[in-house]
Amino acid sequence: MLHLASRSPRRADLLARLGLEFGLLDLDVPEQQGPDEPAADYVRRVAREKAGAGLLAVVAVPGAVVLGADTEVILGDRVFGKPADEDDAAAMLRALSGRTHDVLTAVSLVSAGREAQAASLTRVTVDPLSEADIARYLASGEWQGKAGAYAIQGRFEAHVARLDGSYSGVMGLPLRDTAALLRQFGLLPT
């Protein structure tokens with residue numbers, strides 16, 4: 001049976017689009033970048049750790065497969081995780097304003113006998129944001145719990161000038177890459 005190691009309702013909704021039944025695992029896996037850890041390595045590591053922690057939680061379930069994922073917004077060499085508060089969110093949005101950044105989502109699939117991983121990199125260009133734009137977006141509350149302080153599937157989409165890559169990857173689960181991993185594990189038809 002497939003299990004999703006995530007608290008994200010977006011990720012669960014996206015995975016459901018693939019037509020599979022799955023269980024949800026509510027895990028607390030620390031998301032802390034190491035001092036000299038490159039952004040891409042960090043995202044891949046966290047996805048692997050989520051999947052691994054999930055597998056430990058369901059190790060007694062025969063045929064258990066666990067999917068873990070992590071999504072981060074990256075500007076230059078700086079990772080914009082989930083903002084600590086509204087001031088942090090405002091600072092992130094100001095930094096992203098009028099610029100192009102990367103969104104990297106890593107997906108790890110693990111079972112008792114194997115592991116596979118995929119990563120999806122998407123380039124997102126944000127329109128210049130006025131202070132009024134930022135204030136309105138912050139007032140919506142959509143920024144809470146979102147990497148980079150925005151949800152592309154919400155009001156923020158009106159400020160996205162260009163997206164080159166996976167829209168679902170920016171939301172938190174690149175469906176094309178995820179489906180390919182699930183096929184490798186025999187969970188989707190080839």
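User: Tyrosine 150 and phenylalanine 156: how do you know whether they are buried or exposed?

Analyst: Happy to start there. This is a predicted model, and in it tyrosine 150 is buried, as is phenylalanine 156. That label means each has under 20% relative accessible area.

User: What makes tyrosine 150 and phenylalanine 156 an aromatic pair, and why is it called stacked?

Analyst: Their rings lie 4.5 Å apart, centre to centre, and a pair needs centres within 6.5 Å. The planes are at 25° to one another. Stacked means under 30 degrees, so the pair of tyrosine 150 and phenylalanine 156 is stacked.

User: Why is the contact between lysine 50 and glutamate 31 called a salt bridge?

Analyst: Side chains of opposite charge can pair when their charged atoms come close. Here the closest N and O atoms are 3.2 Å apart, and the cut-off is 4 Å, so the contact of lysine 50 with glutamate 31 counts as a salt bridge. Lysine 50 belongs to helix α2 and glutamate 31 to the loop between β2 and α2, so this bridge ties together parts 19 residues apart in sequence.

User: Why is lysine 50 called buried, while glutamate 31 counts as partly exposed?

Analyst: Lysine 50 has a relative accessible area of 10%, and buried means under 20%.

User: What makes lysine 82 and glutamate 31 a salt bridge?

Analyst: Their closest N and O atoms are 3.7 Å apart, within the 4 Å limit. This pair links distant parts of the chain, 51 residues apart. Glu31, Lys50, Asp70 and Lys82 are linked in a network of salt bridges.

User: Which residues lie nearest the centre of the largest pocket?

Analyst: They are Glu31, Lys50, Asp70, Lys82 and Gly145, out of 33 lining residues. The volume of this pocket is about 720 Å³, and β3 gives the most to its lining, with 4 residues.

Technical notes. Residues are numbered from 1 along each chain as its sequence is written. This is a predicted model: local features need pLDDT of at least 70, side-chain atom pairs count only at pLDDT 80 or more; totals for chains, interfaces and linings use all residues. Side-chain values use heavy atoms; hydrogens and water are left out. Rings of Phe, Tyr and Trp (its six-membered ring) pair if their centres lie within 6.5 Å; planes under 30 degrees apart count as stacked, over 60 as edge-to-face and the rest as tilted. Buried means under 20% relative accessible area, exposed over 50%, partly exposed in between (1.4 Å probe, protein chains only). On a 1 Å grid over the protein atoms alone, a cavity is a set of points where a 1.4 Å probe fits but cannot get out, and a pocket is an open set with protein on both sides within 12 Å along at least five of seven lines; lining residues have an atom within 4 Å of a point. Grid points are joined across faces, edges and corners, and a volume is the space filled by probe spheres set on the points. Helices (H or I, at least four residues) and strands (E, at least two) are DSSP runs, numbered from the N terminus. A salt bridge is a side-chain nitrogen of Lys or Arg within 4 Å of a carboxyl oxygen of Asp or Glu.
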